[in-house]
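Here is a short briefing on one protein structure. Please read the points below with the sequence and the model side by side.

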Amino acid sequence: MRRALAVPWRAAPVASALGIVLAIAFAVIPATTAYLTRALIDTLGRGEDVTELAIAAAAVTSLGAGVYFASRYVEGIVHARIRLHVERELFARVVAEQQLGFFEDPAFHQRLVLATDAARTAPQELATGVEMLVRSVIGIIALAGIVFVVWPPIAVLLAGLGVLGFVAQLARIRHEVRLSELMAHDQRWYVAYHQLLVDPRAAKELRLFGTTELMRDRMLARLGENTRNELARQRIGIGAQIALAVAGAAISVLGTVMVAARIRAGELAVADVVLFMAAITGIQAAVGSLVQNFGHLGSSLELFRYYLALVDVPPARTTGRDVPPLRDAIVLRDVWFRYADNTPWVLRGVDLEIRAGRATGLVGVNGAGKSTLLKLLGRFYDPTRGQILWDGIDLRELDPAALRRQLAATFQDFMTYQLSAAENIGIADGTALEDRARITGAAAIVGIDQTLSRLPSGYDTLLSAVVTSDGDEGQVASLSGGQWQRIAIARTLLRATASVVILDEPSAGLDAQAEHELQMLVGSHFANATRILVSHRLSAMRGADQIAVLADGVIAERGTHDDLMAARGAYAKWFALQAAAYQDARVGAAA
């Protein structure tokens, strides 16, 4: 609770303090109004002028309205600042995570949803709760004196009613938290199906398969489950709340009867009834607000542990030795890896030497571990067992950020960012985002410069199929898969200082002519770099200095193209299968 309470004061100290001041001012208004009303009735009863009292009452009422709206505005400021603060803290932790296990875990994404919701609501509820507490306590104190003077036992009854309300809310909190956890799970599924239905990449497949209605029905089913849980959450404790309301009404009736009896006995004036009823109503409203706010606050604080659990866990080691350009070799020694203790081994004792300045090809069937090995080379994961050495130094001892500055990569599953054409290339190197010459130079090398230059706003055109630009909505364009592939390769070219270049299926989206041009480009532009090539098109491997065949988590074959063809192993078989598809007696004549 202490940490949640600190958030509003760290996010908006001035507004939080002003909110307390306004809460105090607002708290004394009901009692002041009640006393003025009593005085007004007494004065009327004596037949005296009530102008001044009427003006005073109107002024207090106006002041109350002004304070109320001002407090709501200040509360809005506090809530907005809290959201910015918690998002900054939460995503500072997310950005600090250097390894992919954090992001490839579905449970993490559910925890992130709960943490985000809790981080927003708990401090906000607490900030509102503190103001409500101040307002209610001061209001209750101001009004309690009235009811105590009129009939002391009723003060005890109202206090007991408040205690029962808090007990009922404590019982409600535990059930509400469980429902919130279930709702987060269903919400994740709802969002997943929603994104499928509006994703341009999924639109053609779903319509071809005729499964749009299936996805819609599943989305609505999750939404319906979420709605049922939300209604169940609202129903929790409703019986107790009704019982408390009835008990409160009974106390009011009892108090009114007792006051009426004292009036008949001549112990109180008629005006005291008005004062007493106003005080009872004010106290019940204040106690009710406290109890209700306590329930919301308790649930939020229970969920706030998800936020603390996320931001308090330190990220994997992010510091280490600086990384100079590769001079000798990257060596994998008996590398074993699996993604979790309950999952199969992906790599089972890989031994491989990748010589600096040479080209190494990685081939294997789908699921052989090629992409996993690349993740290990970038320290997106660490080996479960064994070592990966960079010029003799274990990667675990190196600063991940410094290591990645030595890497350039075109991944098979490269991103298509909702950014401008220039930013889609420049994002590969933060120092190049404002360097248009470097960006256009890289685009020209991969043959995409003219395409991007002809877009509605040239390189400043937003590349997206789902969002519009901040300015002119017409300045948006989309590209073909092959054009995006060229942009991904241009990003790799932009990282000119990298000493190791990873090309994971770089020609997957290219036509035959473009693939040939890419092979020439790799051979010329990256001639002096350490190249790691992954491709199912084995023709792209012929120029590699060594080719490693991954099978069943180990290096099954290794050598040059000629060595492996002579060995007549798996590589030779796959190459022959691909080559056979291209055999045609007319090829020579066409050439």
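Strand S9 (residues 500–504) and strand S10 (residues 530–534) pair in the parallel sense over five bridges; two strands count as paired if DSSP finds at least two bridges between them. Helices (H or I, at least four residues) and strands (E, at least two) are DSSP runs, numbered from the N terminus. This is a predicted model, in which local features need pLDDT of at least 70 and side-chain atom pairs count only at pLDDT 80 or more, while totals for chains, interfaces and linings use all residues. Residues are numbered from 1 along each chain as its sequence is written, and side-chain values use heavy atoms, with hydrogens and water left out.

**The four-stranded sheet**

- Four strands form an open sheet in the order S2-S1-S4-S5, and the pairing is antiparallel.
- Its edge strands, S2 (347–355) and S5 (393–394), each pair on one side only.
- Strand S4 (residues 385–390) pairs with S5 in the antiparallel sense over two bridges.
- Leu 389 stands opposite Asp 394 in S5.
- Helix H10 (residues 370–377) packs on this sheet, touching strand S1 (329–337), S2 and S4.

- Helix H1 (residues 2–11) has the buried residues Ala 4, Val 7, Pro 8 and Ala 11; buried means under 20% relative accessible area, exposed over 50%, and partly exposed in between (1.4 Å probe, protein chains only).
- These residues lie on the same side of H1 because they cover an arc of only 85° around the axis, the arc being that of the directions from the helix axis to the C-beta atoms.
- Exposed Arg 2 and Arg 10 are on the face of H1 turned away from its buried side.
- The axes of H1 and helix H2 (residues 13–45) come within 5 Å and cross at roughly 110°.

Notes. Axes are lines fitted to C-alpha atoms, for helices over the stretch in contact, and angles run from 0 to 180 degrees between N-to-C directions. Contact means heavy atoms within 4.5 Å.
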